[in-house]
Amino acid sequence: MQQVRGVVARSKGEPVSVETIVVPDPGPGEAVVAIQACGVCHTDLHYREGGINDEFPFLLGHEAAGLVESVGEGVSDVAPGDFVILNWRAVCGVCRACKRGQPWYCFTTHNAAQPMTLASGQPLTPALGIGAFAEKTLVHAGQCTKVNPAAKPEVAGLLGCGMMAGIGAAINTGGVGRGDSIAVIGCGGVGNAAIAGANLAGATTIIAVDVDEKKLEWATEFGATHTVNSRRVDAVHAIQELTDGNGANVVVDAVGRPETFRQAFYARDLAGTVVLVGVPTPDMTIELPLIDVFGRGGATKSSWYGDCLPSRDFPMLIDLHLQGRLPLDRFVTETIGLGDVEEAFHRMERGEVLRSVVVL
């Protein structure tokens with residue numbers, strides 16, 4: 001058991017604070033990881049705002065990379081000294097999804113059994129079962145994915161959530177391939193990761209849609225061939241014009257609002273695919289003419305974590321990055337300390353950054 005510093009959200013909507021965290025020694029199947037870097041993700045803000053659940057206090061942070069410090073009994077896949085990306089899909093291998101060969105839909109993912117606590121002994125709820133805005137964290141060993149240590153921690157950690165969500169939405173869920181067309185609505189971190197993924201997969205028409213010119217400029221850096229400012233023009237019409245009047249093979253909604261999902265639905269080609277990766281709020285609803293759902297064919301899908309399998313996807317994507325084929329480093333707008341997380345939330349809300357990354 002050891003004491004470290006970590007970023008805690010004590011109550012809904014209140015500013016976060018850096019506090020003393022007690023990290024237990026790893027038990028069976030667990031690992032303690034010394035965090036080297038952790039990205040500031042919208043999901044952490046959702047936790048602080050009570051948008052996930054009300055199990056305060058939260059230990060925030062989940063998009064992280066670091067070094068395994070110690071492991072508990074029965075752990076064989078990772079060892080002390082390994083450079084790992086943390087993930088929130090530690091697949092069980094025995095649920096009905098895993099048994100039918102679809103572990104990326106695992107229904108019983110693993111987390112550490114022991115709680116981390118405040119110095120007072122009050123248990124903490126770690127964000128997505130990770131809690132990585134801390135010098136060290138306790139996770140299930142299956143949440144540790146070993147990757148090439150040549151990658152910088154502040155870059156590698158991004159695959160732990162947002163970048164994997166976007167890349168996977170395009171490639172894994174949307175099935176984008178050579179010669180395809182894709183439109184991405186919403187060009188923040190996740191949307192631009194979808195653009196980078198589509199570019200990597202060989203899409204030839206990559207349309208970025210946003211209301212912010214700065215984000216559209218970012219999109220061109222990640223491979224967008226066309227940009228559409230939907231504040232100025234009708235997004236559906238613009239996407240159709242750029243695809244010979246047909247619509248895109250795949251449209252990714254990286255915003256997650258009824259109006260953007262409707263745009264995505266009508267901007268796809270007949271028999272095309274709509275992928276929802278932006279997270280809506282529980283009160284949001286959408287109504288579509290059922291004849292349009294039937295008549296347009298194709299598929300509408302949601303993408304959880306980019307339908308990724310960390311053990312398969314993380315090492316591959318890190319290798320592609322190290323080969324210069326996946327510019328993950330361009331997503332890092334700034335590096336900050338633990339005490340700067342609250343201000344980083346505000347910069348994220350104002351759309352000033354793709355990713356702020358805490359470096360320890």
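## Second largest pocket

Strand S10 gives the most to the lining of the second largest pocket, contributing three residues. The model is predicted. S10 spans residues 144-146, and helix H10 (310-322) likewise supplies at least two residues of this lining.

In total, 20 residues line the second largest pocket, and Asp77, Ala141, Gly142, Cys144 and Ser311 are those nearest its centre. The pocket's volume is about 360 Å³. Sorted by class, its lining holds nine polar, eight nonpolar and three charged residues.

## Largest pocket

The largest pocket has a volume of about 1,600 Å³. Its lining is made up of 50 residues, with His42, His46, Val255, Gly278 and Val279 lying nearest the centre. Two or more lining residues come from each of helix H1 (42-48), helix H4 (162-173), helix H5 (189-201), strand S12 (205-210), helix H8 (258-267) and helix H11 (341-349).

H1 provides the largest share of the lining of the largest pocket, four residues. By class, this lining comprises 25 nonpolar, 18 polar and seven charged residues.

## Threonine 117

Threonine 117 belongs to strand S7, which covers residues 117-118. Its relative accessible area is 14%; because the cut-off for buried is under 20%, threonine 117 counts as buried.

Apart from neighbours within four places in sequence, threonine 117 is in contact with Thr20, Ile21 and Val22, and also with Gln122, Pro123 and Leu124.

Conventions: Residues are numbered from 1 along each chain as its sequence is written. This is a predicted model: local features need pLDDT of at least 70, side-chain atom pairs count only at pLDDT 80 or more; totals for chains, interfaces and linings use all residues. Side-chain values use heavy atoms; hydrogens and water are left out. Buried means under 20% relative accessible area, exposed over 50%, partly exposed in between (1.4 Å probe, protein chains only). Contact means heavy atoms within 4.5 Å. On a 1 Å grid over the protein atoms alone, a cavity is a set of points where a 1.4 Å probe fits but cannot get out, and a pocket is an open set with protein on both sides within 12 Å along at least five of seven lines; lining residues have an atom within 4 Å of a point. Grid points are joined across faces, edges and corners, and a volume is the space filled by probe spheres set on the points. Ala, Val, Leu, Ile, Met, Phe, Trp, Tyr, Cys and Pro count as nonpolar, Asp, Glu, Lys and Arg as charged, and the others, Gly among them, as polar.
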